[in-house]
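This report describes how the secondary-structure elements of one protein model are arranged. Please look through the sequence and the structure below before reading on.

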Amino acid sequence: MAKLDTTDIRILEVLQEDAHLTTKELAAKVHLSSSPTFERQKRLEREGYIERYTAVVDPEKVGNGLLVLCGITLKQHGKRWGTEFVEAISQIPEIVECWNTSGDYDFIMKIYVSDMKRYQDFVLNTLGMVESIGSLHSFFVIGTVKRSNRIPIPRKESTE
């Protein structure tokens, strides 16, 4: 964070709202000319502050309207079981995010499928084939209150 000034932070905030902006449009929003804005954006990319640009797709419109959060407990804790689990779930497209967590579950996964019948098939025939899984607990999302991919960027730690 020490390398970010208020303009860098504003560029990151604006791009999180709309990464499809042209350099000219971005420059206008951060009150800078196009050339320095372009250079700052490229530096933020090079330094890893901006990981990638992506389109946010509506899951319902593409036929995957059921969102499931799934808590996973491994059979055993150890390198073999953990590695096998990570390698297996990395190859499953329905699992869009997976976090290694503390607490009741070793991992929590975010899964999109079309409906309950498809999820039942997914649990039995996809997750059921992952030998390292000891147990799972599914949470079905019945409504979305907030959906965002934006990362808050603290301003107090920036330099002027």
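## Helix 2 and helix 3

Which residues in helix 2 meet which residues in helix 3? Thr23, Lys24, Leu26, Ala27 and Val30 in helix 2 meet Ser34, Thr37, Phe38 and Gln41 in helix 3, where contact means heavy atoms within 4.5 Å. Helices (H or I, at least four residues) and strands (E, at least two) are DSSP runs, numbered from the N terminus.

The axes of helix 2 (residues 23–30) and helix 3 come within 9 Å and cross at roughly 100 degrees; axes are lines fitted to C-alpha atoms, for helices over the stretch in contact, and angles run from 0 to 180 degrees between N-to-C directions. Helix 2 and helix 3 are therefore roughly perpendicular to each other, a term for angles of 65 to 115 degrees, with angles under 35 counted as roughly parallel, over 145 as roughly antiparallel and the rest as oblique. By class, this contact of helix 2 with helix 3 has four nonpolar, four polar and one charged residues; Ala, Val, Leu, Ile, Met, Phe, Trp, Tyr, Cys and Pro count as nonpolar, Asp, Glu, Lys and Arg as charged, and the others, Gly among them, as polar.

## Basis of the model

The model is predicted, so local features need pLDDT of at least 70 and side-chain atom pairs count only at pLDDT 80 or more, while totals for chains, interfaces and linings use all residues. Residues are numbered from 1 along each chain as its sequence is written, and side-chain values use heavy atoms, with hydrogens and water left out.

## Helix 1 and helix 3

Helix 1 (residues 6–17) packs against helix 3 (residues 34–46) at an angle of about 80 degrees, with the axes 10 Å apart, and that makes helix 1 roughly perpendicular to helix 3. On the helix 1 side the contact is made by Thr7, Asp8, Ile11, Leu12 and Leu15, and on the helix 3 side by Thr37, Arg40, Gln41, Arg43 and Leu44. Four nonpolar, three polar and three charged residues make up the contact of helix 1 with helix 3.

Four strands form an open sheet in the order 2-3-1-4, with antiparallel pairing; two strands pair if DSSP finds at least two bridges between them. Strand 2 and strand 4 (133–140) stand at the edges with a single partner strand each, so one side of each is left without a neighbour in the sheet.

Strand 2 (residues 95–100) is joined to strand 3 (residues 107–113) by five bridges, and Trp99 has Ile108 of strand 3 as its bridge partner. Gly71 also stands opposite Ile108 in strand 3, and strand 1 and strand 3 pair in the antiparallel sense over seven bridges. In the hairpin of strand 2 and strand 3, which has six residues between the strands, Gly103 takes a positive phi near 100 degrees. Helix 5 (residues 116–125) lies across strand 1, strand 2, strand 3 and strand 4, and runs at about 170 degrees to strand 4.
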